[in-house]
Structures are given as structure tokens and as C-alpha cells.
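Below is a protein model to read alongside its sequence. Look it over before going on to the text that follows.

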Amino acid sequence: MMAKKQKIVILQRDEDDLLDTDEVKEPAAGPAGKTEASLAKEQVQPKDVKVFLRTFGCQMNERDSEIIAGLLMDHGFGVAESQDEAEVVLFNTCSVREHAEERVAGNIEKLSSLKDKKPGKMIGILGCMSQRHGESLFSRFPSLDMVVGPGNIYDMPELLREALDGKKVLAVDKLKRPKKGTDPAYRSGVFSAYVNVMYGCDNYCSYCIVPYVRGREVSRPKKDIVKEVKSLADAGFKEVILLGQNVNSYGKGQTQKVDFPEILEAVNDIKGIERIRFTTSHPKDAGKPLFKAMRDLPKVCEHMHMCLQSGSNKILDLMNRKYTLDEYMKKVDTLREMVPGVGISTDILVGFPSEKESDYVATRMAMEDIKFNSSFIFKYSPRPPALSSTLIDDVPEKIKVERNRELLEIQKEISYEINKKMVSSSQEVLVEGPSRMSKDELVGKTRDNTSCVFKGPSDLIGKVVKVTVKGTSPFTLKSELET
Ligand code: 5AD
Ligand code: SF4
């Protein structure tokens, strides 16, 4: 079982930090944040060095922050609830878009002025930005004390001690993650947990920085994944979200041949776990064996995040995505045939170099044809050394903004139409917490990953309940608890 202190939330998650999307959609109802953070005050033993960790970017970063937090706590470091009360402020950063890096830079500059006022405060940049920029970050931010890449996070306790001894710490040499091993048990949630199944990416989509900052693909051994999920189930977790940049290429390069559907099967067998989700799926590697597992394994939720990126074959080719629109659409048809009611979400990138009006229209038409349940729409920004940075970034910002906005509007209408069809249906929901929008409502996700609010007692948080959908807004179902 996990020690009590491991339930303390120290990861300050600002939802904007995590999303870093160009999407400006009306937010779907989500749980009111920081419910557990307030617990921290009562449970934390004051320690000499209090650390505050702030996470930007994707779910992999959220999970990395849990690992860092767990390691630091296991080594006796204390926890700060705010930047102001911390001796050490760590930013776990994202490099996937320029905007993500600018936000971190803005935060560090603000904090540096504070540091001048309160000498002794230490600042560290962890994660993808550290890997991408390395030592140069020290000259860009003179008050910076630590630069630690995603592969070096396992050394954080020693690295932090070195920094506390007055050294400027640069640790970006371990691009590849350790293949085997047990991560610290600490989790920021209490009923839903991320579990890494693989690290890194081998796909080298031409726009993407990930393979350069998170290294090549490494799959975790099946037995380590199963062991971790079992201990989560023992600790009362109900849902696991299996993480990888491309979970469908799981097993590549392993001596023991195990594929991702086998991982789903093994996790499905673990008593106590009620729901299994996974992300992300690359369209070229997702196929019938996965869809069959989604159909046949009762705990695997009927939701798939499968990035389309563009509806233009010319752009898909330049992006090195290795599929055509037609191939993508056929996969969607097969998935929908095999897994009735499946929710499909996607990522779309607008303004890739040389994207003409006709390429953009192809993307728009693909979205109108496919009708995703939800989409994340991003404006392209060059990320050297990713290959597309050698192409001229020739789509004017104004056009990128317009394309982004138009696709968001289209998605909003499509989501609304899909949600309206769910009115009167009965849905199974995992209750996440009180709704952000209204205190006396709870919020959770349906199996197909749609947000859903309803009135109910707070002791339902963390439980799977049945609701009847009574109405909807574009992104959130309004429901009633079934008795
Ligand atoms: N510019 C804008 N968006 C990007 N993404 C990846 N690289 C870039 C880039 N250079 C988007 C893709 C990916 C998501 C995580 O971020 O849509 O799926
Ligand atoms: Fe980046 Fe492509 Fe790998 Fe996704 S699959 S992380 S977009 S390189």
C-alpha cells in the first residue's frame, strides 16, 4: 500500500499549463481544481527545503512530475504549496510549440525578479526545454540554478543536493529512459492514474520535437507495467490511463514479443481496476487487433485519440505521417464498425509550411466528414532541429489564426450535434469531482470520454455511476443520476 503522504498533491496543475493548446473552446466542465491541494497543509511535515513543482505540457510530463515529486519526497524534501513559500521552484517544461516555451520563459523571468528580492530561492528548468536548449538556458536566464532533461529526472534528488551546495547543475546526457525499474509510488490523484507503457518516439514527424527531446522508443517490460497497475489497484485506483507517444508500436525492439493489445488484456485482468484508457495512437499503427481488444475487453473504454494532423495528402507527406487521408478514413470506418459508440478525438495542425487554401479546405472537409467527438487544433510553429524547420514558415500568422478559429467553430458544432444524439441515453460515468461550473454538481467522463455533469453527493467521487442524459451544451452533457 502507498504511504499516506503519497496522496499529498504538490503538483500545481494549472489547466492552461497542461493544455497549451491554441484551442479557445468553451471549456467542458471539469472537476474544480486543487481539492486535494488543500489537504496538503494538514499532512505535510515542514522540511528544511520546500520544493514547488509546476507542470507544463502533455500527460507524459504530468507523469514525469509525479515521478520527480515522489523521488524528492522519498529523499526527504519538503513540499511548498505556492511559489512564494518555496525554497526551490521547478518548472517541468514543454517544447512542442513555441507558445509553450514562451509561457515558461515568462514565468521564469517573473520569478527571477522575485529571486532578487529573496536571495536563496532556487530555480530549475526540467523536461523538454532543458533537453532542447541545454546549457544556453543559463545565459538566457542568469538566475537559473538547474537544467535537467527528461531522461535525467531519476537523478533529481542528487542533482538538487548539488544545486543546494551552490553548483549550477546541467544534466541532459541521458536521453533514453531506463528500460526496467519501478517508479516511486506517489500519484497526484486518488482514483485515476497515468501509467507509462513506453517512452520516446521513433516516428520523426517532420514538425515534431519529441524524438529529439525524449529520445527513441523504449517499451517498458509487460511485467513492470502489470506490477505497477496491480499496486495502483491495491491502493484503490479505479482507472488507469496507459501512456506512450505511440502506444500502438509498443513492443518494438523487445526480445519478448508482446504487443499493445496484450498489455490491454493483462491490465484488463487486474482486479479492482474498472476502466482502462490509452493515448496516443498513431494511425499507421492502429488496426484491427487494437479495435478487437477495445471491443472485447470490458474495462477498455471506447475512446481513441488518433491524430489526423491534416486532411491534405500533400501536407501529410511533408509531415512524414506515412498515411493518406483515405487510409485514415478507412481506419475510422473499421473502428466505428468494430467498436460501436466509440468516441474519436484528434489533433489538427494548421499552417504547416506550404499549406495552401486548398490543403486547408481538405482538412476542413475531412473534419466535416469524419465528425470527431473532439479536436485539439494547433497553429504550426517551427521547432528546430525538427526537419520541417528547414522549410519556410510561409503561412502568415493571421491566416493560421483564422484557420484555427474556423476549425474550432466547426468542431464545436460537430461536438454539439454528437452530444445531442446522446440525450435520453444511459451512460456510465467515472465521477472525477465537483464541477468547476457549479458547486453542487459533480463531473465525470463517459466511457467515450465526453464530460458529463449531474447532481449527486460528493461520496460518489471516484466511483463509476449510471446517469441518464437530459440535455447538453456543445461540450458537456447534463444528466441525472440513475437510481
Ligand atoms: N507546431 C504546432 N503544433 C505542433 N504539434 C507538434 N509539433 C508541433 C509544432 N511544431 C502538435 C501536434 C501534436 C500535438 C501534441 O502537438 O498536433 O499531435
Ligand atoms: Fe511527434 Fe509524430 Fe512522435 Fe507524435 S508520433 S510524438 S507527432 S514524432
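Glu-302 counts as partly exposed because 17 C-beta neighbours lie inside 10 Å of its own. The scale behind that word is this: a residue is buried with 20 or more other C-beta atoms within 10 Å of its own, exposed with 12 or fewer, and partly exposed in between, with C-beta atoms placed from the backbone. The model is predicted; local features need pLDDT of at least 70, side-chain atom pairs count only at pLDDT 80 or more, and totals for chains, interfaces and linings use all residues. Residues are numbered from 1 along each chain as its sequence is written, while chains are lettered from A and ligands numbered from 1 in the order in which they are written.

Glu-302 sits in the loop between helix H11 (288-296) and strand S13 (303-305). Helices (H or I, at least four residues) and strands (E, at least two) are DSSP runs, numbered from the N terminus. Thr-446 is 144 residues away from Glu-302 in sequence, yet their C-alpha atoms are 9.3 Å apart.

H14 covers residues 357-370. Its buried residues are Asp-359, Tyr-360, Ala-362, Thr-363, Ala-366 and Met-367. Seen down the axis of H14, these fall within an arc of 155°, so they line one face of the helix; the arc is that of the directions from the helix axis to the C-beta atoms. An α-helix has 3.6 residues a turn, so residues three or four places apart point the same way. On the other side of H14, Glu-357, Ser-358 and Asp-369 are exposed. Just after H14 comes Lys-371, with a positive phi of about 55°.

Conventions. Expected span 1.5 Å × (residues − 1).
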